[in-house]
Structure formats: structure tokens, C-alpha cells
Amino acid sequence: MKDEESGNRLGSYLRARRELVSPAQAGIPPGGNRRVPGLRREEVALLAGISPDYYLRLERGRDKNPSPQVLESLARVLRLDDIERTYLLGLAAARPKAPRRRRPEHVPARVHELLAHLQIPAFVEGRAFDVLASNPLAVAFSPRLRPGQNRLRSLLLDPEEQAFHQDWTKATADFIAALRTTIGDDTDDPRFVELVGELALSSQRFRTLWARHDVRSLDGGTITVHHPVVGELRLHRDKLPIDDVILVVYYPDKDSDSDEKLRLLAALSRTESADTAHIRAAEIPRPKTL
């Protein structure tokens, strides 16, 4: 997380976002010899009603205390949505903090009981998309939802997971933007540092999207996946916070084609589990009779 380590997260965000706004979007006539993508610094300053020198100080980290009015003007010029605007305001409000030790993520016993009773794919994830617990139907839905897996790593590096998603491009953009939102000012969290470092080295897609500084939430939504056994599934996703972890559930519209396919997948999963248990029982050495 090079930009975070530099201590100039506000400047890095402003620079990344202005490079994504075209002159046409900002109402600037085309033409001229443009050497940078997006808007020039002086164009952002002019449109936001601040001096070019002051905006340059903001991008270079020489002024880290802009007023809310300045930030609101910049958010307007950079065409930020509500989540991005809140993120920008948070960057300016961030202050140096003492190192804190975050306790290990723990799945409460009652959540394990809940997972066992749910008849839909359900699992528990941590702040960095680590799978902490899952029910059998979640694993039947995707083997990458076994405990110990990381959802973002699987999405970026596992060919089977890439083929699983109908819109892999959108899924990766959503996950990476959500990770940046979740990290917030916890840039020194060891788990985040480890994950971002690993993916920055192993995935060009991650490097490209991470440099954009996109932020968004990844809560409710609808996805379409290609399951290798039952075919196409269209499922809704909800995320429910429980203590320090997140319960994630996938469910279809009632009596839909996906509902029927999910029931079939559940039946196949139960049959496979029963067959596995039978094989394991047969392999247990029998006591010798005298």
C-alpha cells in the first residue's frame, strides 16, 4: 500500500480521481495538447474555486487540513458519489493514531448453530474477505467458500472462480473498491498489509483497480453465477453484521428456476455427504473377534 505508507492518502486520492474525470464531463472544451489523463490540476482548482497553488499543496501533502467547503467543492468537480464523498471527508479528518492491536476475528458459537440450520448457502467472512465458517450448502455452491479461503484472492487468482461469475469484471471492481472502503484508516493492519501486498504482486487486475482508489459498499445485491453441476443461478446476497464478523447469505426468488436448482444442489450435497460418511465408516478398522 505504497500511497498509504507515504502518509499522503488525501493527495493520492485526489490525483487518482481527477485522472478519471474527462474534460468533457467537466464541461471543458476539447482540444489542446493534453499530456495527462483526465483533468489537469489547474482545471480542478479553477472549477472548485480555489487557487492552483493551494490545490497543488493538497495533492502533494503540504496542506492536510482543507476546510469542509473546499472538500465539498472538490467532490463536486471530481463527480464523487455519496460513498466517495464521505471517504474524501474521512481522509481529511484522519489524524495520526497510536498503533492498536485488533483482536483475532472470532465466530460466536451461536452463529455456527445458525449456519447449521440455514437451508441456503451461508458463510461468515472477516473484514478482509477471509472465510471464517460456512455451511455445507455454501461449499456445494462454491468450494472456494471453505473456511480458510479468501474470497478476493480466489476471485482474482483462481480460474474456476473467474469462470463461476457471469460478470467477473464487475465482481472484481466491486470487491476491490469494498476492500479499500473497509480498510479506511487501518492502513497498518497486518492482515490488510499482507493481503494487499500479495495481490499487488500476483494480479495485474488488482494493481490496475487499486490505483483507481474506487470506494463503495458491498452489501446487498444480486449475482448470476455458472455452477458446474446445476447450471446458471441467479441469487440475492445479503450481509448481516454479527459482533465483529459478517454473515453472508445467498438466496433465490421463491419458486424460481434458481430456487429449484438450489434445492437440487442441496439434495446432491446431502447425498454426497452421506456417501462420504459411509465410505469413511467402512474404512474404520474392525476389532478382531477371538
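Are Phe 123 and Tyr 250 buried or exposed? In this predicted model, both Phe 123 and Tyr 250 are buried.

Strands E1 and E2 run antiparallel and are joined by three bridges. Within this part of the sheet, Phe 123 stands opposite Ser 134 in E2.

Aromatic pairs were examined next. A pair of aromatic rings is described by the distance of the centres and the angle of the planes. Six such pairs are present in the structure. In one of them, Phe 123 and Tyr 250 are stacked, with a centre-to-centre distance of 6.2 Å and an angle of 25° between the planes. This pair connects distant parts of the chain, since Phe 123 is in strand E1 (residues 122–125) and Tyr 250 is in strand E5 (residues 245–251), 127 residues apart. A second pair, between Phe 129 and Phe 175, is tilted, at 4.9 Å centre to centre and 50° between the planes. Distant parts of the chain are linked here as well: Phe 129 is in the loop between E1 and strand E2 (131–134), whereas Phe 175 is in helix H11 (residues 168–183), 46 residues away. Phe 129 and Phe 175 are buried.

Phe 123 and Tyr 250 are also members of one aromatic cluster, together with Phe 141 and Phe 164. Another arginine is placed over an aromatic ring elsewhere: the charged end of Arg 180 sits over the ring of Trp 210, 3.9 Å from its centre.

Charged pairs form a further set of contacts. Side chains of opposite charge can pair when their charged atoms come close. The structure holds 23 salt bridges. One of these joins the side chains of Asp 53 and Arg 57, with an N to O distance of 2.6 Å. Asp 53 and Arg 57 are separated by about one helical turn because they are four residues apart in helix H4 (residues 52–59). Asp 53 has a relative accessible area of 46% and is therefore partly exposed. Arg 57, at 29% relative accessibility, also counts as partly exposed.

A salt bridge between Asp 130 and Arg 191 has its closest N and O atoms 2.7 Å apart. This pair links distant parts of the chain, with Asp 130 in the loop between E1 and E2 and Arg 191 in helix H12 (residues 190–202), 61 residues apart. The relative accessible area of Asp 130 is 14%, so this residue is buried. Arg 191 counts as partly exposed because its relative accessibility is 22%.

Asp 214 and Arg 216 likewise meet through their side chains in a salt bridge, at 4.0 Å from N to O. Asp 214 is buried, with a relative accessible area of 8%, whereas Arg 216 is partly exposed at 27%. Both residues take part in one network of salt bridges with shared partners, which also includes Arg 17, Glu 84, Lys 170, Asp 174 and Arg 212.

Ser 258 lies in helix H14 (residues 257–283). With a relative accessible area of 8%, below the 20% limit, Ser 258 is buried. When neighbours within four places in sequence are left aside, Ser 258 is in contact with Glu 232, Leu 233, Arg 234 and Pro 252.

Methods. Residues numbered from 1 in each chain as written. Predicted model: local features only at pLDDT ≥ 70, side-chain atom pairs only at ≥ 80, totals over all residues. Heavy atoms only, no water. Helix = DSSP H or I, 4+ residues; strand = E, 2+ residues; numbered from the N terminus. Buried < 20%, exposed > 50% of the residue type's maximum accessible area, 1.4 Å probe, protein only. Contact = heavy atoms within 4.5 Å. Phe/Tyr/Trp six-rings, centres within 6.5 Å; stacked < 30°, edge-to-face > 60°. Lys NZ or Arg CZ within 6 Å of the ring centre and 35° of its normal. Pairing = 2+ DSSP bridges.
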